[in-house]
Amino acid sequence: MGREPERAVLDRMLSGAADAPLVAYMYGPGGIGKSSLVRYAAQQAELTGRRVVHVDGRFLDADPRRLEELAAPACAEPGAVLLIDTFEQCQPLEAWLRENFLPRLADHAIVVVASRVAPDAEWSLDPGWAQLFTALAVRPFSAAQSHALLAARGVPAEQRGAFVAFAGGSPLALSLAASVSPAEPGAPWKPAGDVLTTLVERLVGDLPSAVHRRALEVVAQAYVTREPLLRAVLGDEDTDMVFSWLRQLPYIEATPEGLHPHDAVRATLEADLRWRDPERYDDVRARISLAGLQAVRGATERDALLRVAEWMFLFRDQGGPEDLYNYRTHPHIEETPLRPEDVPDVLHMAEQAEGPASAAAVAHWVRRQPEAFRVHRYAGSSAPASFMAILRLDAPLPEDSAEDPVIAAVWDLVETAAPLRPGEHLGIRRFAVQPGRHQRPSPLMELTSRRTVSDEMRTHGRAVTFTVFEDADRWGRYLAAAGMPEVAAVDIGGRQQHVFGRDWRRQTVEQWVQHRARAAVTPVATWPATASSSGPGDQLPRAAFEEGVLEALRTWPPPRIRDQRPAVLPSRAAGLTRPGHGPARRHHHRPRRAADRPPGRKGARGSHHHLHCGLPHPQGRRPTTGGALRHLPASPRPGQATPHRTTAATPSHYIRIAPTTVFASGVSSPRNRWARRPRRSPAHGHPVSAYGLSSPAEYR
C-alpha cells in the first residue's frame, strides 16, 4: 500500500528502460517500509523471469569476501537483480561495493540497496555513477495513507486518529498498533508495553551504552536538540561524542536549528520511557524544561519567542482549548511595537471585540504605557490584525483605577492578599484583542501567549502577575492546571472580564518550570485561597494552634445535643490554620477582628476570631442548621452592604461575618471600617510563568 513513487522507479528499472538507473539506493529509519519495497522488487523480477539474488546485510559481518560470495550469481547471469537489505549492518563496505564489486556485474543486471543510512556523496560526485545511480528517501506515510492502512487492517474509524497520532507515519508502528485491540470497545487506545518494546527494537536497534539511550530520551522530549541542551541534561558526560553519534542516526534529521527525530521514533521512545521508568521520564522533562528557561533568558529579543515555543512543546500532550486552528492555512505573522499610526485601528478593534468601555480603558493605557502594547500584522500588510498589552505597575494610582475597573480590582486583591514590597512590581497581561475570533485559538493568540510567557521568564523583580480573559470557559481550566486560578471577575460595560492571578514569590521560576514539566503533579497553590483573609499573617504558632484544639475539645457539645445545633468551634480553634497550611476561607466572608467581637466573650487571645466549622458528624452526616443560620444574599446590588450573619444562639459560641460591599466593577471586598491586620509576605522569589496553552501543531 502506498509508495507509488518508489515502486515506479523500481518498475522502470525492471523494464529495462533506457533512462532507468542501474542502482537504486533506498534509505530511511527502521520500520518505514524499505524491506517491503525490496520484497516488491523481488516479486516483480520473478514475474518477468529475472534471476533474483537476495543478500541480507545482517549476516555479512562487513566482510567483502562474504558479500562477493553471496552476490556472485549477479556477476554471472545477465539481467540478474541483486537485492541487498539491511545494508546499514555492513555500511563500511559501501566504497568497496561501488568501486570494486558493482563494475563486475553482468550485462543488464540491476541493484537495489536498502539501508537506514543515507548514501555517501561519492555516488553523485563520481561522473561515472551520476547517471546510473538514484537515491530514494523513503518517507513516512501521509495521514491519508495511514488511515487507509488502518482501514485495510480493520481498525474502526473512531480509533484511527489515536493510532495515526502515535505512529507518525511509520507503517511498522501503524501495523503493530493495529494488532493490539483496546481493552474494551470504544476505550481510548494507548501503546502497550509489548508494542513499545518491539518498536524500540525495530526503530532504534541496539544502542552502544546507557549514555546513548539517555541522549535519545532527551531528543524524544525536546522539540529540537542542541549541544547545550544535551550538556544541561546529561552533564559533561561525553556530550560531544554522543551529539556526533546522534547526527548520524537514520531516524534523526540534522537541521540548522538542531536535531529533530522522526515522529514515530519520538513517540515510541517517549511512551516507552514513561511506561518503563516514570520517575526518570519526569526527571528528563524537568531538566529539559529548566534548560528551556535558561535558553529563553539567554536569547536575543528576536529569538526569545522561538525559544518559548520550543519550551512549550513539552506540554503538547497536556490538552488545550477545543476548536484548534489550522496553523498551516495562515500567512506569516509579525509582531511589532505600537506605532502612533496604529492607535485608531487599535481602539477600533477594542471597541469591536469588547465594547466601548474596554476601548476607553485601552485609550487610557495607550496614553499611560504605550510601550506595553504589541501589535500583530500579517506579512506584507501594515494594518494591525490584533494587539496585546502587558502592563507593569509599581503602585496604585487613582487615575488608573478610575479609568480601568480591572486595575482597581487587581490592586484591591494585591493589597489584601499579596502586598508588594519595596522594589517589587506586578505585571498584568491586560488586553488580548483579536476581532472576529476574539480569544479563540489562532496564530494571533499563539503569538500573544508566547510573548506573555517570554515577558514573565525574562522580567526581574515581578512579584505578582495577572492575565485577563473574557472567554474564561475556554481558557480557565488550562490556566488553573498551570497553577493560575481565577481570582476575580470584573464587569466592564456589561461584559465579564475574568482575572487569573499568581504570586511568584510562593514558587520561583526555576521551581515552577520543573514542576510544570512533571507528568502527574498538582499545581502548587501560588495564590491565596481567598483574597481577603489568606496569607502568612493569618497562621498561628504551633503552641497556639494546639491550645485552640484543646479548648475546642473541652467545650465540644455533649452527644445528646450534638444533633440539635450547628457545629461551631470556639474562638481559638475555629477557622485557624495549622502552621504551614494556608487557610481556606471565602474572600467575602472576612471574619471580624477583636474590636468587633461582642461583649461577654473573651478568648485567650483577643485577636482571634469566631468561625463556623462544618466538621463531619460522628454518625457520618453533617449537622443541619435548620432556620437558625441566616445566609448572606446571593447577589447584593452594587454599593449595598450585606447584613451580618449569625449562628443559632448557643452560649458564647456564634459567628459574625463582616458585611461585604459589591463594587460597580463586580468585585466584592470587606468593608473598610475594620482595621487590616498586618500580614507577612511569602518568601521572596523570582517571577515565573503559568501559561503553556498551545497544541503541538503550533510549534512545528
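Visitor: What span does helix α22 reach from its first C-alpha to its last?
Guide: This is a predicted model, and every value here is computed from it. Helix α22 has 16 residues, and at 1.5 Å a residue the expected span is 22 Å. The reach from its first C-alpha to its last is close to that expectation, at 22 Å.

Visitor: How many of the residues of α22 are buried?
Guide: Here buried means under 20% relative accessible area. By that cut-off α22 is largely enclosed by the rest of the structure, because the buried residues number 14 of the 16.

Visitor: In what order do the seven strands of the open sheet with mixed pairing run?
Guide: The edge strands of this sheet are β8 (333–337) and β13 (486–492), each of which pairs on one side only. From one strand to the next the twist averages 20°. The seven strands, read across the sheet, follow the order β8-β9-β10-β11-β12-β14-β13.

Visitor: Which residue is the bridge partner of E334 in β9?
Guide: Strand β9 covers residues 373–378, and β8 pairs with it in the antiparallel sense over five bridges. Within β9, the bridge partner of E334 is R377.

Visitor: What angle does the direction of α22 make with that of β10?
Guide: Helix α22 (residues 443–458) packs on the sheet, where it touches β8, β9, β10 (386–393), β11 (425–433) and β12 (462–469). The direction of the helix, taken against that of β10, makes an angle of about 20°.

Visitor: Which strands stand at the edges of the five-stranded sheet, each with a single partner strand?
Guide: This open sheet has parallel pairing and the strand order β2-β3-β4-β1-β5. One side of each edge strand is left without a neighbour in the sheet, because each has a single partner; these strands are β2 (52–56) and β5 (133–137).

Visitor: What angle does the direction of helix α1 make with that of β4?
Guide: Helix α1 (residues 4–15) packs on the five-stranded sheet, touching β1 (23–27), β3, β4 (110–115) and β5.

Visitor: Within what arc do the buried residues of α8 fall, seen down the axis?
Guide: In helix α8 (residues 143–152), S146, L149 and L150 are buried. An α-helix has 3.6 residues a turn, so residues three or four places apart point the same way. The buried residues of α8 line one face of the helix, because they fall within an arc of 95°.

Visitor: Which exposed residues does the face of α8 turned away from its buried side carry?
Guide: Exposed here means over 50% relative accessible area. Just after α8, G154 takes a positive phi of about 80°, whereas the face of the helix turned away from its buried side carries A144 and A152.

Visitor: Which residues is L230 in contact with, leaving aside its neighbours within four places in sequence?
Guide: L230 belongs to the largest nonpolar core, of 41 residues, and is among the members that touch the most others, together with L216, V218, L246, I252, I288 and W311. Beyond its neighbours within four places in sequence, L230 is in contact with A215, V218, T225, G235, T239, V242, F243 and L246.

Definitions and conventions. Residues are numbered from 1 along each chain as its sequence is written. This is a predicted model: local features need pLDDT of at least 70, side-chain atom pairs count only at pLDDT 80 or more; totals for chains, interfaces and linings use all residues. Side-chain values use heavy atoms; hydrogens and water are left out. A nonpolar core is a set of buried Ala, Val, Leu, Ile, Met, Phe, Trp, Tyr and Cys residues joined through side-chain atoms within 4.5 Å. Buried means under 20% relative accessible area, exposed over 50%, partly exposed in between (1.4 Å probe, protein chains only). Contact means heavy atoms within 4.5 Å. Two strands pair if DSSP finds at least two bridges between them. Helices (H or I, at least four residues) and strands (E, at least two) are DSSP runs, numbered from the N terminus. Axes are lines fitted to C-alpha atoms, for helices over the stretch in contact, and angles run from 0 to 180 degrees between N-to-C directions. The expected span of a helix is 1.5 Å times one less than its number of residues. The arc is that of the directions from the helix axis to the C-beta atoms.
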